Amino acid sequence: MGRKLGQHFLRSAPVLGRIVALAALAPGEPVLEIGPGRGALTGRLLAAGARVTAIEIDPALCAALRARWEGEPAFRLIEADILRADLAPEALFGTPARYVVVANLPYYLSSPLLFRLMAERERLARLVLMVQREIAERLLAEPGGGKDYGSLSICAQHAFLLRRGFAVPPGAFDPPPKVHSAVVALEPRPRRLAPEREARFLAHIQRLFMNRRKLMLSNLRRLYPDAGADWAELGRRVERARAEALTPAEHLAVFEALYGAVAPQGLGGG
Ligand code: SAM
């Protein structure tokens with residue numbers, strides 16, 4: 001079960017300390033910890049004065065966590081799959097206030113979880129996430145950043161302001177993973193699109209990057225053959241660019257130009 005669930009437990013005190021420092025918690029601030037595992041980070045969050053709700057999927061780890069913090073009023077454990085859990089602040093903390101997310105993420109679910117967190121971001125104050133180093137590079141990459149810049153970069157940067165935290169070597173974990181890790185800090189950006197329209201935008205970006213080397217214009221024509229778009233105008237806008245050359249804001253402008261001209265179901269993603 002351990003390997004499948006990405007169970008690499010933090011054992012480095014300095015790394016634990018730096019994660020909590022990056023979260024800059026105020027006393028009593030609500031924190032959602034994803035995958036508390038054996039509770040190394042949980043203990044630090046509680047010591048920093050946070051109110052912690054933790055969501056853990058592994059029943060054996062949940063039993064140990066419950067035993068360890070039985071009677072601790074600042075700690076609540078929910079035994080669940082984070083991808084299915086209700087992330088409303090009322091469900092997690094009993095109040096409507098925005099909460100902080102702190103997690104040493106199981107790497108197998110970084111991508112689906114990041115997309116879930118993007119969709120839920122108006123509930124979040126800020127996030128501090130440990131991810132595989134390659135994911136951190138993709139999150140932070142800019143146009144012209146080679147193969148790292150892609151749909152994950154654009155979608156994440158559309159939803160969040162991202163900051164590089166620090167690198168974490170495999171030896172900081174027990175057992176050590178095969179990959180290097182990195183901590184990133186994220187701040188939710190206000191929504192510029194209604195939720196359904198934003199979901200379409202994110203799906204659109206993912207579809208574009210399935211053929212990242214194709215010129216944007218032929219990619220768009222292939223994906224939306226029936227769009228009554230002003231292709232000449234779109235052509236001027238994207239010139240001879242590939243998807244990987246455009247900033248998130250430029251992609252949003254192309255999407256908006258296209259969206260006005262295409263039946264919504266043609267844009268996929270809900
Ligand atoms: N936070 C702990 C630490 O830093 O030592 C453990 C981190 S470990 C990388 C990831 C944790 O996420 C494990 O405890 C694992 O059981 C849990 N986990 C894996 N998949 C999960 C899921 N879908 N929902 C909730 N927890 C999950």
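Q: How much area do domain 1 and domain 2 bury between them, and what share of it is on carbon and sulfur atoms?
A: In this predicted model, the two domains bury about 1,100 Å² between them, with 67% of it on carbon and sulfur atoms. Domain 1 covers residues 9–188 and domain 2 covers residues 195–258. Their C-alpha centres lie 32 Å apart. The contact takes 14 residues from domain 1 and 15 residues from domain 2.

Q: Which three residues supply 44% of the area that domain 1 buries against domain 2?
A: They are Tyr-149, Ile-154 and His-158, which supply more than any other three residues.

Q: What makes Glu-198 and Arg-121 a salt bridge?
A: The closest N and O atoms of Glu-198 and Arg-121 are 2.8 Å apart. The rule asks for a side-chain nitrogen of Lys or Arg within 4 Å of a carboxyl oxygen of Asp or Glu. The pair therefore counts as a salt bridge. Across the interface of domain 1 and domain 2, the rule finds one salt bridge. It also finds five residue pairs in polar contact there.

Q: Which helices each supply at least two residues of the side of domain 1 that touches domain 2?
A: They are helix H5 (110–119) and helix H7 (151–159). H7 gives the most to this side, with five residues. By class, the side of domain 1 that touches domain 2 has six nonpolar, six polar and two charged residues.

Q: Why is helix H5 called mostly covered?
A: Seven of the ten residues of H5 are buried, and a residue is buried when its relative accessible area is under 20%. The buried residues are Ser-110, Leu-113, Leu-114, Phe-115, Arg-116, Leu-117 and Met-118. They pack against several elements, including strand E2 (30–34), strand E6 (124–132), H7 and helix H8 (195–208).

Q: Why is Lys-178 called exposed?
A: Lys-178 has a relative accessibility of 76%. The class of exposed residues begins over 50%, so Lys-178 belongs to it. Lys-178 lies in the loop between strand E8 (173–174) and strand E9 (181–188). The C-alpha atoms of Lys-178 and Gln-132 are separated by 10.0 Å, although the two residues are 46 residues apart along the chain.

Q: Why is Arg-237 called partly exposed?
A: Arg-237 has a relative accessibility of 42%. Buried residues are under 20% and exposed residues over 50%, with partly exposed in between, so Arg-237 falls in the middle class. Arg-237 is found in helix H10 (residues 231–238). Leaving aside its neighbours within four places in sequence, Arg-237 is in contact with Ala-253, Val-254 and Ala-257.

Q: What makes Ser-12 buried?
A: Ser-12 has a relative accessible area of 15%. This value is under 20%, so Ser-12 counts as buried. The residue is placed in the loop between strand E1 (9–10) and helix H1 (13–23). A polar atom of the side chain of Ser-12 lies 3.2 Å from the backbone nitrogen of Val-15.

Q: How do you know that Arg-164 and Glu-137 form a salt bridge?
A: The N to O distance between their side chains is 3.1 Å. The cut-off is within 4 Å, so the pair meets the rule. This pair links distant parts of the chain: Arg-164 in strand E7 and Glu-137 in helix H6 are 27 residues apart. Arg-164, at 52% relative accessibility, counts as exposed, whereas Glu-137, at 27%, counts as partly exposed.

Q: Which salt bridges does Glu-244 form with Arg-212 and Arg-213, and what makes them so?
A: The closest N and O atoms of Glu-244 and Arg-212 are 3.0 Å apart, and the N to O distance for Arg-213 and Glu-244 is 2.3 Å. The limit is within 4 Å, so each pair qualifies. Glu-244 lies in the loop between H10 and helix H11 (248–259), while Arg-213 lies in the loop between H8 and H9, 31 residues apart.

Q: Is Glu-244 buried or exposed, and is Arg-213 buried or exposed?
A: Glu-244 is buried, because its relative accessible area of 17% is under 20%. Arg-213 is exposed, because its value of 54% is over 50%.

Q: How many salt bridges does the structure hold?
A: The structure holds 16 salt bridges. Arg-121, Glu-122, Arg-191 and Glu-198 are linked in a network of them.

Note on methods. Residues numbered from 1 in each chain as written. Predicted model: local features only at pLDDT ≥ 70, side-chain atom pairs only at ≥ 80, totals over all residues. Heavy atoms only, no water. Domains from an automatic or database assignment. Contact = heavy atoms within 4.5 Å. Buried area = accessible area lost by both parts, 1.4 Å probe. Polar contact = N/O pair within 3.5 Å; in protein donor to acceptor, adjacent residues only side chain to side chain. Helix = DSSP H or I, 4+ residues; strand = E, 2+ residues; numbered from the N terminus. Nonpolar A, V, L, I, M, F, W, Y, C, P; charged D, E, K, R; others polar. Buried < 20%, exposed > 50% of the residue type's maximum accessible area, 1.4 Å probe, protein only.
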